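Biologist: I am new to this structure, and I would like to learn how to read its pockets and helix packing. Could you walk me through them?

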Amino acid sequence: MKRKNLRILTILVGICLGLLFFGYQKVQNFAGSALEIKQDTIFTLPAGTGRVGLETLLLQDHIVADTTLFPWLLRIEPDLANFKAGTYRFTPGMTIREMLKLLASGKEAQFSIRFIEGSRLSDWMETLKQADYVKHELAGKSHAEIAELIGLKDTEHPEGWLYPDTYSYTAGTPDLALLKRAHKEMEKAVAQVWEGRDSSLPYKTPNDLVTMASIIEKETAINDERTKVASVFINRLRIGMRLQTDPTVIYGMGDKYAGNITRKDLETPTPYNTYVIAGMPPTPIAMPGLASLQAAAHPAKTPYLYFVADGKGGHTFTTNLASHNQAVRVYRQALKDKNGQ
């Protein structure tokens, strides 16, 4: 009888072990199965979400098809149960175990935002407004308020003092935090360029250099031309000649600018109309990149006082008004030829 009972017990133990092994393998297969997604998916796990809440969200967002074995997986591998709130990026082919490890790691999804050279603060604010997962804190703020918030010390005008670049961020990053980063980068770049500038240049402050760089940025996108453009404006400043640069007029017009500048616009005084005012405008007119900062700090040594578009993407540089007027006529003819007139 004892031998029979022992045999039965052995069989029962074997069955139980077999069932446990089968169950364990089933849970492991579940953990190794791929998510249901077919493309990168952004998933937000709110603070305080537990296992049941996570299961509900995963089913609701069609990330997994069945969560029946979820509790068993978390019992077998308790480290996977340490979810951290945040916004994550799930990728096709990712397994359920990999997903849970990601949620436990706290490595949130990275987003990026690009601010281009020559753009203005108004452009930046629109870019921030359209950016995914950015927390908006600056809506309705004036330029002076933004300047104070980002830590500008010597001016209430943020224009020119934000470094154009691509910035990475996680969901919920405030727009103010991104602008603070951009301002610190610009401060660092300007400090380095200012330190190494040609000391003979007629700049009194770093803001003067940034202002010149912003004009250069708006006048040309051709790297080889930047120092020549800078030389024209420096030459003009040195002899007391007005800068007469259209981008400053456009900036001074603000919302009145509709795509064209008229003679009346050139004659209408604004603090930025360099056809009317002497010297440089009071502030930068755009966000210059490093190349324009360097050009403003190290202009070419030239006799040029004028330049005009050549109709081929570049500019023609001249030393006197007669040559400039001829270059203007050539440019206008090139435009007529291009338009078939």
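Biologist: How much space lies in the largest pocket?

Modeller: Rolling a probe the size of a water molecule over the atoms shows where empty space is left. Here the largest pocket holds about 1200 Å³ of space. A pocket is an open set of points, on a 1 Å grid over the protein atoms alone, where a 1.4 Å probe fits, with protein on both sides within 12 Å along at least five of seven lines. Its volume is the space filled by probe spheres set on the points, which are joined across faces, edges and corners. Do keep in mind that this is a predicted model: local features need pLDDT of at least 70 and side-chain atom pairs count only at pLDDT 80 or more, while totals for chains, interfaces and linings use all residues. Residues are numbered from 1 along each chain as its sequence is written, and side-chain values use heavy atoms, leaving out hydrogens and water.

Biologist: Which residues are the closest to the centre of the largest pocket?

Modeller: Lining residues have an atom within 4 Å of a point. There are 35 of them in the largest pocket, and Gln 244, Asp 246, Leu 266, Tyr 275 and Val 308 are the closest to its centre. Helix 13 (321-338) gives the most to this lining, with 6 residues. Helices here are DSSP runs (H or I, at least four residues), numbered from the N terminus.

Biologist: Which helix gives the most to the lining of the second largest pocket?

Modeller: Helix 7 does, with 4 residues. That pocket has about 280 Å³ of space, and its lining includes Trp 161, His 183 and Glu 187.

Biologist: At what angle do helix 5 and helix 7 pack?

Modeller: For such angles, axes are lines fitted to C-alpha atoms over the stretch in contact, and angles run from 0 to 180 degrees between N-to-C directions. Helix 5 (residues 121-130) and helix 7 (residues 175-195) pack at about 135°, their axes 11 Å apart. The two helices are therefore oblique to each other; under 35 degrees counts as roughly parallel, over 145 as roughly antiparallel, 65 to 115 as roughly perpendicular, and the rest as oblique.

Biologist: Which residues make the contact?

Modeller: Contact means heavy atoms within 4.5 Å. Helix 5 brings Trp 124, Met 125 and Leu 128, and helix 7 brings Asp 175, Leu 178, Leu 179 and Ala 182.

Biologist: How do helix 8 and helix 12 cross?

Modeller: Their axes come within 8 Å and cross at roughly 120°, so helix 8 and helix 12 are oblique to each other.
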